[in-house]
Amino acid sequence: MQADMQQPMVKLNNGVSIPQLGLGVFQTPDGSETVDAVRWALQAGYRHIDTARAYKNEASVGQGIRESGLKRRDVFVTTKLWNDAIRAGRTRQAFEESLDLLGTDYIDLYLIHWPAQGWQKAWEAMEELYNERRVRAIGVCNFEQHHLEELHSISSLKPVVNQIESSPIFTNQELVDYCHGNLRVDVEAWSPLGGSGTHLLSNSKLAEIGEKYSKSAAQVVIRWHLQRGVIVIPKSTHQERIEQNFDVFDFELSDEDMAAIAALNTGKRVGADPNNFNF
Ligand code: A2P
């Protein structure tokens, strides 16, 4: 596939463009599994990899990118500042460590992973990194509306994205609408397929919709995210699934199917609550 011709790009609020579909590597073990997943994804046409310090696989992500033969600048790389560094006021050191692990000299998108105590200071340090052009864009994850309001009150620099839990079983639509509407902050969905512990992908409604378009449940869900304007980073360690998850640019869900997928919402989170987490 001619990656750059077909995949949608999102222009972030600082003018930087990000591929709307990326590979997520949460819970992908460091070593050959991550190296292979990244290589297979880049071979299939992905140009966006989403990792984090806490995933403990940045070194393998870097290796996978190098082994792909692509130039560093052709791949959009996101990593995230973990909570221990936020609490200890070690943003700059943690950033340098991530660069070393990834084997790169800049990050495309650097994110606060959770609103851990001290995140306001961390944001100041990230602003400095941004102004020094060590990162092309900065943003947050797991920020609720009140966190975003506080951030707005202390900083003139807007986050480019808020990466939050969002899937058909927990659409988080109010927060998505708040980010897209008032703020012009793009939303990235984590656990976009419902994560590894749910049975979302065996839902019969998704199978029924998929049949109409000759697509799998996973492809239907990824397409749903794309059409609702969300940046989506499904995870898989299997080559055929990684390829399948990228084969979503040749069909369009009807409004009715979009609504039927959103109606699977249970309002219950799969992951932790940003207002009450203990890690
Ligand atoms: P695996 O890595 O074994 O393929 P999320 O992105 O929401 O965190 O969900 C990822 C989960 O969905 C993982 O358990 C992953 O398992 C599985 N998965 C990813 N892509 C597909 C697919 N195309 N078909 C079925 N399961 C998938």
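Predicted model: local features only at pLDDT ≥ 70, side-chain atom pairs only at ≥ 80, totals over all residues.
Residues are numbered from 1 along each chain as its sequence is written, and side-chain values use heavy atoms, with hydrogens and water left out.

**Exercise 1.** Find which residues touch the most other members of the largest nonpolar core.

*Solution.* Start with the term: a nonpolar core is a set of buried Ala, Val, Leu, Ile, Met, Phe, Trp, Tyr and Cys residues joined through side-chain atoms within 4.5 Å. Buried means under 20% relative accessible area, with a 1.4 Å probe and protein chains only. Next, look among the 75 residues of this core: L23, Y110, I112 and L253 touch the most other members. A second, separate core has twelve residues, including V16, L109, L111 and A137.

**Exercise 2.** Work out what Y110 touches beyond four places away in sequence.

*Solution.* Then go along the chain: the partners of Y110 include T79, K80, L81, T91, A94 and F95. Further partners of Y110 include M126, L129, V135, A137, I138 and G139.

**Exercise 3.** Decide whether T104 is buried or exposed, and find its side-chain partner.

*Solution.* First, the relative accessible area of T104 is 16%, so T104 is buried. Second, the T104 side chain makes a polar contact of 2.8 Å with that of R72; such a contact is a pair of N or O atoms within 3.5 Å, and within protein one must be able to donate a hydrogen and the other to accept it, while residues adjacent in sequence count only if both atoms are side-chain atoms.

Conventions: Buried < 20%, exposed > 50% of the residue type's maximum accessible area, 1.4 Å probe, protein only. Contact = heavy atoms within 4.5 Å.
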